Amino acid sequence: MAADGRGQLRVGFVGAGRMAEAVAHGLIRAGKVEARHVLASAPSDRNLCRFRALGCQTTHTNQEVLRSCALVFLATKPHILPSVLAEVAPAVTDEHILVSVAAGVSLDTLEELLPPAARVLRVSPNLPCVVQEGAMVMARGRHAGSGEAELLRTLLEACGQCEEVPEAQVDVHTGLSGSGVAFVCAFSEALAEGAIKMGMPSGLAHRIAAQTLLGTAKMLLQSGQHPAQLRTDVCTPGGTTIHGLHALERGGLRAATMSAVEAATCRARELSRK
C-alpha cells in the first residue's frame, strides 16, 4: 500500500486546497516523491485541476486515497473533517500514517474518530510552504512513534523548516506563524507606505520593503543572533535608525505585536475546544 513494486513512496491528500497543493508541490519539487505517486481527492474538480497540472493523480473518492496510499494528509476544512474521518475510518489500517493539517482539530479528537491504534500526527503549516519557505511544527499522537515523526519531518523539510513540539505549542505556532504571515504583511505594507509618503514610487517601495524583510530574516537565521543584537548593530548614536525606533516605540509596535500573537493564539485555543 505504501509503495509501488519498486519501493516508491505513495502520498495521498484528502482535500486539495491551497495548503495541500503547497505541500505536494514542495515534495515533488524536492524529489521526495514522484508526481505520479501522489493521489488527491476532493468533491469537485475546482482544486483538483491544480494537482493534475503538477502531474498528480486525482479522484473524487476519499476512500480511494486510503486504499492507494499509506501516508495520507488530511487537508480538509476543519469543520468538515469529522464527517470525512467517519467516511474514511473503515479504510484505515495499521499500515497508514495519517497527518492532519486541519487547524484547531486536536489529536484527541482525531484519535476518537479513527480506529484504535491509528497512527496520527498533527502538522501546523503556514502559507509560505507555497514557496518552500514554510515554518511548520508537528506533534505526535499516542500511537505514532519516532520513525513516523522522522519520516514526516524529512518529507516536510522540502516545504521549509519543520520541528517537532508538544501539541500544546501547536496553537501558539498558529498565532505566531500561521497568523503571523498576515502580521508581517501588515508591517511590510506600512513600511512601504512610509517610503511612499516621503516620495518613493509605490512599486519600488513595496519591493524594497519585502526584500528588507527577506534579507533580515536570512541574517537572523544564518547568524543565530537574537534580533536585539542585530537591531543594535544597525543603530548608531544619534543616527537615523534610533530616531525611527523611537517613533515605533511611541506608536506601541512591540506591545501591539505581542498582543496580536496572543489574540490569535487564544482564538486558536477556542477553536480547539469546540
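Biologist: In which helix is E148 placed?

Modeller: Helices (DSSP runs of H or I, at least four residues) and strands (runs of E, at least two) are numbered from the N terminus. E148 belongs to helix α6, which covers residues 146-156. Please note that this is a predicted model, in which local features need pLDDT of at least 70, side-chain atom pairs count only at pLDDT 80 or more, and totals for chains, interfaces and linings use all residues. Residues are numbered from 1 along each chain as its sequence is written, and side-chain values use heavy atoms, with hydrogens and water left out.

Biologist: Is E148 buried or exposed?

Modeller: A residue is called buried under 20% relative accessible area, exposed over 50%, and partly exposed in between (1.4 Å probe, protein chains only). E148 counts as buried because its relative accessibility is 14%.

Biologist: Which residues does E148 touch?

Modeller: A contact means heavy atoms within 4.5 Å. Leaving aside residues up to four places away in sequence, E148 touches I97, R119 and L121.

Biologist: Let us turn to a strand. Where does A139 lie, and why does A139 count as buried?

Modeller: A139 is in strand β7, residues 134-140. A139 counts as buried because its relative accessibility is 1%. Its contacts, not counting residues up to four places away in sequence, are L107, L121, R122, V165, P166, E167 and V170. For P166, 27 residues apart from A139 along the chain, the C-alpha atoms of the two are separated by 5.8 Å.

Biologist: How many disulfides does the structure hold?

Modeller: A disulfide is a covalent bond between the sulfur atoms of two cysteines. Here the criterion is a pair of cysteine sulfur atoms within 2.5 Å. The structure holds 0 disulfides. For C56, the nearest cysteine sulfur is that of C69, 10 Å away. For C159, the nearest cysteine sulfur is that of C129, 5.3 Å away. C56 is buried at 6% relative accessibility, and C159 is buried with a relative accessible area of 0%.

Biologist: Which residues form a nonpolar patch on the surface?

Modeller: Nonpolar side chains (Val, Leu, Ile, Met, Phe, Trp, Tyr) are joined into a patch within 5 Å, and like charges within 9 Å, if the residues have over 30% relative accessible area and no salt bridge. A salt bridge is a side-chain nitrogen of Lys or Arg within 4 Å of a carboxyl oxygen of Asp or Glu. M200, L204 and I208 form such a nonpolar patch, with about 210 Å² of accessible area together, computed by the Shrake-Rupley method with a 1.4 Å probe, where for residues only the protein chains shown count as cover. L204 is in helix α9, residues 202-223, and is partly exposed at 33% relative accessibility.
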